[in-house]
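Keep the viewer open as you read.

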Amino acid sequence: DCLTTAGLFERAFSGGKSSGDDAFRNAEMCDPVGRDRSVGLWDAFYAVWERLDLVRQELSAALGREMSTEMELHYVRYPVGGYYRRHVDEDLDANPRALTRAVSFICYLNKPGWCAADGGELRSYPPGEPPSDVLPESGTLVVFDSARVEHEVQPTGKERLALVGWFHAPAADPGQADVFDEPASLPAAAEDPLWEMCSHES
């Protein structure tokens, strides 16, 4: 609420756009790192940031893949009717770079009690598998391969809030195994005060 009241959310664009008509996505975003740290609950955000870094370290060890300590992070808010069409977060063919998005993660900051009738599901399309949906329930952390897993946000029936980000890694060698084939949903304590404070901050 603090960052919203301060007017720090801006329209979120897709595919490298920074202005104009964008029917591919209906959402707003805020930079939680570069913003004015006197606004909101910076300490709560920083504590969540530290927890995410532990996730990065565990994933790096489990996958046998070096991941940068630098994180790309955004608060993302979808208004009623908001959505994001099917896409991947990293197109390795279109954007060849030395350091790429390797693992996408989403931390849901909605108020507890989200149900299927509210919409706003994260729908993923794991390679060779049927689509699967994850409800944006408060305190849930979802991680998936940024380059392989196509996904979309279904139209939401109420405001949908999340901390979204990416762990970066050096571009994989042609023969290197992919990160993983399907999303993993890791439920956290929805009443964890850190999640609650981040929710109130944004």
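Where does Leu 59 sit? Its place is in helix α2. Bear in mind that this is a predicted model. The average pLDDT for the chain is 84, and 80% of the residues score at least 70. The stretch to treat with care is residues 187–191, where pLDDT stays under 50 and the model has eight contacts beyond four places in sequence.

Back to Leu 59: buried or exposed? With a relative accessibility of 15%, Leu 59 counts as buried, since the cut-off is under 20%. Val 103 is 44 residues away in sequence, yet the C-alpha atoms of Leu 59 and Val 103 are 9.0 Å apart in space.

Now the helix itself. α2 covers residues 42–63, and its 22 residues should span 32 Å at 1.5 Å a residue; the end C-alpha atoms are 31 Å apart, which agrees. The buried residues of α2 include Trp 42, Ala 44, Phe 45, Val 48, Leu 52, Asp 53 and Arg 56.

Which residues touch the most other members of the largest nonpolar core? Out of 23 residues, they are Leu 52, Leu 73, Tyr 75, Val 103, Phe 105, Leu 163 and Phe 167. At least two residues of this core come from each of α2, β4, β6 (99–108), β9 (140–145) and β11. The top contributor is α2, with five residues. Apart from this core lies another one, of 16 residues, with Ala 12, Tyr 78, Val 149 and Trp 166 among them. As for Leu 73, its contacts beyond four places in sequence include Phe 45, Trp 49, Leu 52, Phe 105 and Leu 163.

Next, the rings. The model has eight aromatic pairs, and here are two of them.

| Pair | Centre to centre | Angle between planes | Class |
|---|---|---|---|
| Phe 45 and Trp 49 | 5.7 Å | 35° | tilted |
| Phe 105 and Phe 167 | 4.6 Å | 35° | tilted |

Phe 45 and Trp 49 are both in α2, four residues apart, or about one turn of the helix. Residues three or four places apart in an α-helix point the same way, because there are 3.6 residues a turn. Phe 45 is buried at 0% relative accessible area, while Trp 49, at 23%, counts as partly exposed. Phe 105 is buried at 1% relative accessible area, and Phe 167 counts as buried at 0%.

On to the strands. Why is β4 (residues 71–78) largely enclosed by the rest of the structure? Because seven of its eight residues are buried. β4 is joined to β3 (residues 28–30) by three bridges, running antiparallel, and Cys 30 has Tyr 75 as its bridge partner in β4. β4 also pairs with β11 (residues 160–170) in the antiparallel sense, over eight bridges, with His 74 standing opposite Val 164.

Elsewhere, five strands make an open antiparallel sheet in the order β2-β5-β10-β7-β8. Its edge strands, β2 (25–26) and β8 (132–134), each pair on one side only. Inside that sheet, two bridges join β5 (residues 83–87) to β10 (residues 150–153), where Tyr 84 stands opposite Val 153.

Notes. Residues are numbered from 1 along each chain as its sequence is written. This is a predicted model: local features need pLDDT of at least 70, side-chain atom pairs count only at pLDDT 80 or more; totals for chains, interfaces and linings use all residues. Side-chain values use heavy atoms; hydrogens and water are left out. Two strands pair if DSSP finds at least two bridges between them. Buried means under 20% relative accessible area, exposed over 50%, partly exposed in between (1.4 Å probe, protein chains only). The expected span of a helix is 1.5 Å times one less than its number of residues. pLDDT is the predictor's confidence in each residue, from 0 to 100. Contact means heavy atoms within 4.5 Å. A nonpolar core is a set of buried Ala, Val, Leu, Ile, Met, Phe, Trp, Tyr and Cys residues joined through side-chain atoms within 4.5 Å. Rings of Phe, Tyr and Trp (its six-membered ring) pair if their centres lie within 6.5 Å; planes under 30 degrees apart count as stacked, over 60 as edge-to-face and the rest as tilted.
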